[in-house]
Amino acid sequence: LEGTINTLIGNHNNKLLIYQDVTLKWVAQLPHVPVSVHVANFQDLKGVVVTLSDGGHLQCSYLGTDPSFFQAPKVESRELDYDEMDKEMKELLKVIREATKSQDILHKAENDDDLKVAVSVAPSLDVISAADNTVDIAVPSISLKVLYELSFS
């Protein structure tokens, strides 16, 4: 706009703040702390924001169209009928109780022998470690063999 001053400020929170005169108009998140900010034109694209990090990372950003200041319309308020809500809640709780009584989602063990677990541990450490190798030090590992047996009646 003619007669206005646009100011771009980069901060140490990786944010680019764009002011029009003294009013904050836009905030953009950057992947780095900008040490230099400029506005450039590339071919037919005008207003490209170019930022440079202290590590030499150069980024070109385009803010696009004007930000949306849409506000959702206010919902019409209505009187709440607490007695009706309480009645509906009781009905729903009754439906939930009935549904959980009549459905067995998980198999119920009838005696202790329905599930058997056997674990065997290797007598020594693994020759080649199976531990997460994202750390710089060697991490020893030991192998386990776990056998599950589930019997249904």
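Where is Ala-28 found? I looked there to begin, and Ala-28 is in strand β3, residues 23-29. I keep in mind that this is a predicted model, in which local features need pLDDT of at least 70, side-chain atom pairs count only at pLDDT 80 or more, and totals for chains, interfaces and linings use all residues. Residues are numbered from 1 along each chain as its sequence is written, and side-chain values use heavy atoms, with hydrogens and water left out.

**Entry: terms**

I noted how the elements are assigned. Helices (H or I, at least four residues) and strands (E, at least two) are DSSP runs, numbered from the N terminus. Two strands pair if DSSP finds at least two bridges between them. Buried means under 20% relative accessible area, exposed means over 50%, and partly exposed is in between (1.4 Å probe, protein chains only).

**Entry: the whole chain**

I listed the elements. The protein has 1 helix and 8 strands. From the N terminus on, their order is β-β-β-β-β-β-α-β-β. Of the 153 residues, 12% are buried.

**Entry: the N-terminal part**

I went back to Ala-28. It counts as buried because its relative accessibility is 15%. Ala-28 and Ile-18 are 10 residues apart in sequence, and their C-alpha atoms are 8.3 Å apart.

Next I looked up Gly-3. It sits in the segment before β1 (6-10). Its relative accessible area is 78%, so Gly-3 is exposed.

Asp-21 itself is in the loop between β2 and β3. It has a positive phi of about 60 degrees, although it is not a glycine. At 41% relative accessibility, Asp-21 is partly exposed.

I then checked Asn-14, in the loop between β1 and β2 (15-20). Asn-14 is not a glycine, yet its phi is positive, about 60 degrees. Its relative accessible area is 21%, so I wrote it down as partly exposed.

How many bridges join β4 and β5? I found 8 bridges between strand β4 (residues 34-42) and strand β5 (residues 45-53), paired in the antiparallel sense. Val-39 has Val-49 in β5 as its bridge partner. This hairpin of β4 and β5 has 2 residues between the strands, and Gln-43 takes a positive phi near 50 degrees there.

I followed the chain on to strand β6 (residues 58-61), which pairs with β5 in the antiparallel sense over 4 bridges. Leu-52 stands opposite Leu-58 in β6. The hairpin of β5 and β6 has 4 residues between the strands, and Gly-56 has a positive phi near 90 degrees.

**Entry: charges on the helix**

I searched for salt bridges (a side-chain nitrogen of Lys or Arg within 4 Å of a carboxyl oxygen of Asp or Glu). The structure holds 1. Which residue forms a salt bridge with Asp-86? The partner is Lys-90, with the closest N and O atoms 3.6 Å apart. Side chains of opposite charge can pair when their charged atoms come close. Asp-86 and Lys-90 are separated by about one helical turn because they are 4 residues apart in helix α1. Asp-86 is partly exposed at 41% relative accessibility, while Lys-90 is exposed at 54%.

I also looked up Glu-91, which is found in helix α1 (residues 82-102). It is partly exposed, at 46% relative accessibility.

**Entry: the last two strands**

I ended with β7 and β8. They pair in the antiparallel sense over 7 bridges. Ala-118 stands opposite Leu-147 in β8. Is β8 mostly covered or largely in the open? Of its 7 residues, the number buried is 0, so β8 lies largely in the open.

I then looked for a nonpolar surface patch. Patches are made of residues with over 30% relative accessible area and no salt bridge: like charges are joined within 9 Å, and nonpolar side chains (Val, Leu, Ile, Met, Phe, Trp, Tyr) within 5 Å. Areas come from the Shrake-Rupley method with a 1.4 Å probe, and for residues only the protein chains shown count as cover. I found a nonpolar patch of about 980 Å², with Leu-115, Val-121, Ile-142 and Tyr-148 among its residues. Both β7 (115-121) and β8 (144-150) supply at least two residues of this patch. Leu-115 is in strand β7.
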